[in-house]
Amino acid sequence: MTIQFQKRPTETSRTAPAPAPFRPDAPTTPSAVVVIPALEPGPELVELVAALAAHGVESVVVDDGSGPDHAVTFDVCEVLGARVLHLPVNRGKGAALRAAFTLVQSELPGRGVVTADADGQHTLADVLRVIEALDAPRTAAGPGEIVLGVRSFARGEVPLRSWFGNAVSARLFEAVSGVRLGDTQTGLRGIPATLLDWAGTVPGDRYEYEYTMLVAAARQGITLRQLPIATVYVDENATSHFRPLRDSLRVLAPVLAFAGSGLAAFAIDTGLLLGAVALGAPVWLGMTLARVVSGGANFAINRHLVFRSGRRTPLRRALSGYVALAAVVLAGGVAIVGALTALGMPLVAAKITSDLLLFVLSYVVQKLIVFRRRERD
């Protein structure tokens, strides 16, 4: 007898057996739900779901368009008690996580989430430790706290591609956010229920989503709590769908494009400034005129080419935000250049130093505020 499996045409969620409903008036804090995004998973996924069920931990598995060849694996997860959310096509890890967050908020309100990978990188003991850390009451002030399961990246103990990828992304993250993390690529994270709405607004559909989440959290004052975990690589992480070059470029591409846009504006800006000063204009006037011209070119490039949501952002709102940012950057630039030239630094060197100092501020504000498409738009 031949058994045929058909791909589910829509997103669905089924549970077997049904878990006990969460009662808002329960005297104890509800334990977190483990969310596992999976694309063409192996037996490691079933092993993790079974182990979690044996410890009374609920799980949500997201089938990210794996196809009928892997239907049996997800059916087994359902039998073990997991809620399985089927996405009809592959949408990427970021989209899969956001879909799971929406499901948890709808069907398990008040529950936090612990995300884990489906390829066996996270041990049961470490997943339980992150759940415990997330459930533990915290008194720190601020908008919230995300728990990160941080692996050791000692050279020679991890695959070369993973060591190199984390080294690059960690340095970039520190430069952009000012926060030092030992593991920016970890998929083991604890997100409290109070931050699930926010996590659902973080952009990015694929692996860049997790990195963008860290940057956004650091810039918005959300604590990133690092919890050491075991470093596990099965067959040098051969089953991972992460591709260091391609997915790292996906993360870095907006930053590199923004740098290119900034260099073009810098060339226009500096040329006009030097020309105005040569004609006898004071530095402040030359900088103002040059910034108006170069700023217009920079705005057009960033809105249409650098930030993907820029073209969908209403022009009036984007322009007003950009002008406000430009005014702040201009004032800061004038102050920095004036101070450095007063100390004897040549004008061009002072201008370069000023622009480098203001580069990170400008990128973060444009990405997260100026060219961000809001849901109501």
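Mentor: pLDDT is the predictor's confidence in each residue, from 0 to 100. The model before us is predicted, and its chain has a mean pLDDT of 77, with 74% of the residues at 70 or more.

Trainee: Over which residues does the pLDDT stay under 50?

Mentor: One such stretch is residues 235-239, for which the model has seven contacts beyond four places in sequence. Residues 1-29 also have a pLDDT below 50, and this stretch has 47 contacts in the model beyond near neighbours in sequence.

Trainee: How should I read the side chains of a strand, and which way do those of E3 point?

Mentor: In a regular strand the side chains alternate between the two faces of the sheet. In E3, Ser59, Val61 and Asp63 point one way, while Val60, Val62 and Asp64 point the other way. Six of the six residues of E3 are buried, so this strand is largely enclosed by the rest of the structure.

Trainee: Which strands are joined to E3 by bridges?

Mentor: E2 and E3 run parallel and are joined by five bridges; Pro37 has Val62 as its bridge partner in E3. The chain passes from E2 to E3 through helix H1 (residues 43-54), in a right-handed β-α-β crossover. E3 and E4 also run parallel, again with five bridges between them, and Val62 stands opposite Leu85 in E4. A right-handed β-α-β unit is made by E3, H2 and E4.

Trainee: Which residues of helix H2 are buried, and why do they line one face of the helix?

Mentor: In H2 (residues 71-79), the buried residues are Ala71, Thr73, Phe74, Cys77 and Glu78. Viewed down the axis of H2, they fall within an arc of 165 degrees, so they line one face of the helix. Just after H2, Gly81 adopts a positive phi of about 110 degrees.

Trainee: What is the general idea behind a nonpolar core, and which residues touch the most other members of the largest one here?

Mentor: In soluble globular proteins, nonpolar side chains tend to be buried together. The largest nonpolar core here has 37 residues, and those touching the most other members are Phe101, Ile146, Phe173, Trp198, Met213 and Leu224. Among the elements that each supply at least two residues are strand E3 (59-64), helix H5 (160-177) and helix H7 (208-219). H7 gives the most, with eight residues.

Trainee: Which residues does Phe173 touch, leaving aside those up to four places away in sequence?

Mentor: Phe173 touches Gly178, Val179, Leu181, Thr184, Tyr211, Leu214, Val215, Ala218 and Leu224.

Terms used. Residues are numbered from 1 along each chain as its sequence is written. This is a predicted model: local features need pLDDT of at least 70, side-chain atom pairs count only at pLDDT 80 or more; totals for chains, interfaces and linings use all residues. Side-chain values use heavy atoms; hydrogens and water are left out. A nonpolar core is a set of buried Ala, Val, Leu, Ile, Met, Phe, Trp, Tyr and Cys residues joined through side-chain atoms within 4.5 Å. Buried means under 20% relative accessible area, exposed over 50%, partly exposed in between (1.4 Å probe, protein chains only). Helices (H or I, at least four residues) and strands (E, at least two) are DSSP runs, numbered from the N terminus. Contact means heavy atoms within 4.5 Å. The arc is that of the directions from the helix axis to the C-beta atoms. Two strands pair if DSSP finds at least two bridges between them. A crossover is right-handed if, with the strands pointing away from the viewer, the path from the first strand over the helix to the second runs clockwise.
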